[in-house]
Amino acid sequence: MAAAQGHFSDHSDGIRGTGDKADSTAGTPVPTAFRRAVDALRTARLRPEMEIEPTRPPQRLAPFAYAVEAAVVDGEEDLADGRLVLLHDPAGHDAWKGSFRLVTLVRAELEPEMAADPLLPEVCWSWLTGALEARGLAYGEASGTVTMAGSHYFGGLAERRPATQIEIRASWTPREGVGGVPDTAAHLAAWSDLLCQIAGLPPAPAEPSGATGPAGEPGGTGTVSGAGVVSLPQRRGPQGT
């Protein structure tokens, strides 16, 4: 697996504060805990099929925000894509029950046999929670939706086969570690596991036990066992494998 840093573009750091870029020149210094959490994202070990880069984060959701967007790529085809946003409110947030929050949108087009599975929404939600639990990550206040949308084509587009897109919108509060900083590298790695799974890739080889996160805490990017994750048939795999 490659470190996420190798797939980031050379864009600006993308950290946003209330109303402007969150740096000292804007009069809004970036809290140390948030800066460390953002820096740690670049240490995540991700699969080579993942392409990821910073993107403009949403405004007014929190005093500080950082976002990345990613795609699972097979040749020139995007199998799945998504966005992960890290929010931070130094004063804490009652609904989050913490000072950090992760928010995501993940989507992919499904094969017809998968789209016909009535348990698909429950299975997709289990992919998210299972990805977090497989990496030993503690989290709270998870919530979200799983949406399926079908398209049928007519007239000049009648030759296209019907398509179904699955979309997962979710958020959760990561447990804060030393210095009030969550292990964002491990959460990004778990999120990439979800993205690869919804893309239909086979599971990645397990990493050696005892792997550590950016702060040197055991299990930061630990062994992915797949515990708690319900599988659907594999749709496709990367070319040349």
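**A buried salt bridge, then the rest**

Arginine 135 and aspartate 193 are both buried. This is a predicted model, so keep that in mind throughout. The two side chains form a salt bridge, 2.7 Å from N to O. Arginine 135 sits in the loop between α3 and β9, and aspartate 193 is in helix α4, so the bridge ties together parts 58 residues apart in sequence.

Stay with α4. How many of its 16 residues are buried? The count is 15, so α4 is largely enclosed by the rest of the structure. Next, a check on its length. At 1.5 Å a residue, α4 should span 22 Å. The C-alpha atoms at its ends are 22 Å apart, which agrees. Just after α4 comes glycine 200, with a positive phi of about 90°.

Now the other salt bridges. The structure holds 4 in total. One of them joins aspartate 81 to arginine 107, at 2.7 Å from N to O. Aspartate 81 is in strand β7 and arginine 107 in strand β8, so this pair connects parts 26 residues apart in sequence. Buried or exposed? Aspartate 81 is partly exposed, at 26% relative accessibility. Arginine 107 is partly exposed too, with a relative accessible area of 32%.

Another bridge pairs arginine 169 with glutamate 167. Their closest N and O atoms are 2.9 Å apart. Arginine 169 counts as partly exposed, at 43%. Glutamate 167 is buried, with a relative accessible area of 17%.

On to helix α1, residues 32-41. Which of its residues are buried? They are Ala33, Phe34, Ala37, Val38, Ala40 and Leu41. These residues cover an arc of only 160° around the axis, which puts them on the same side of α1. And what covers them? The cover includes strands β6, β7 and β8, and helix α4 again.

Last item: aromatics. The count comes to 1 aromatic pair. Its rings belong to phenylalanine 34 and phenylalanine 64, with centres 5.9 Å apart and planes at 40°, so the pair is tilted. It links distant parts of the chain: phenylalanine 34 is in helix α1 and phenylalanine 64 in strand β6, 30 residues apart. Both phenylalanine 34 and phenylalanine 64 are buried.

Definitions and conventions. Residues are numbered from 1 along each chain as its sequence is written. This is a predicted model: local features need pLDDT of at least 70, side-chain atom pairs count only at pLDDT 80 or more; totals for chains, interfaces and linings use all residues. Side-chain values use heavy atoms; hydrogens and water are left out. Buried means under 20% relative accessible area, exposed over 50%, partly exposed in between (1.4 Å probe, protein chains only). Helices (H or I, at least four residues) and strands (E, at least two) are DSSP runs, numbered from the N terminus. The arc is that of the directions from the helix axis to the C-beta atoms. Contact means heavy atoms within 4.5 Å. The expected span of a helix is 1.5 Å times one less than its number of residues. Rings of Phe, Tyr and Trp (its six-membered ring) pair if their centres lie within 6.5 Å; planes under 30 degrees apart count as stacked, over 60 as edge-to-face and the rest as tilted.
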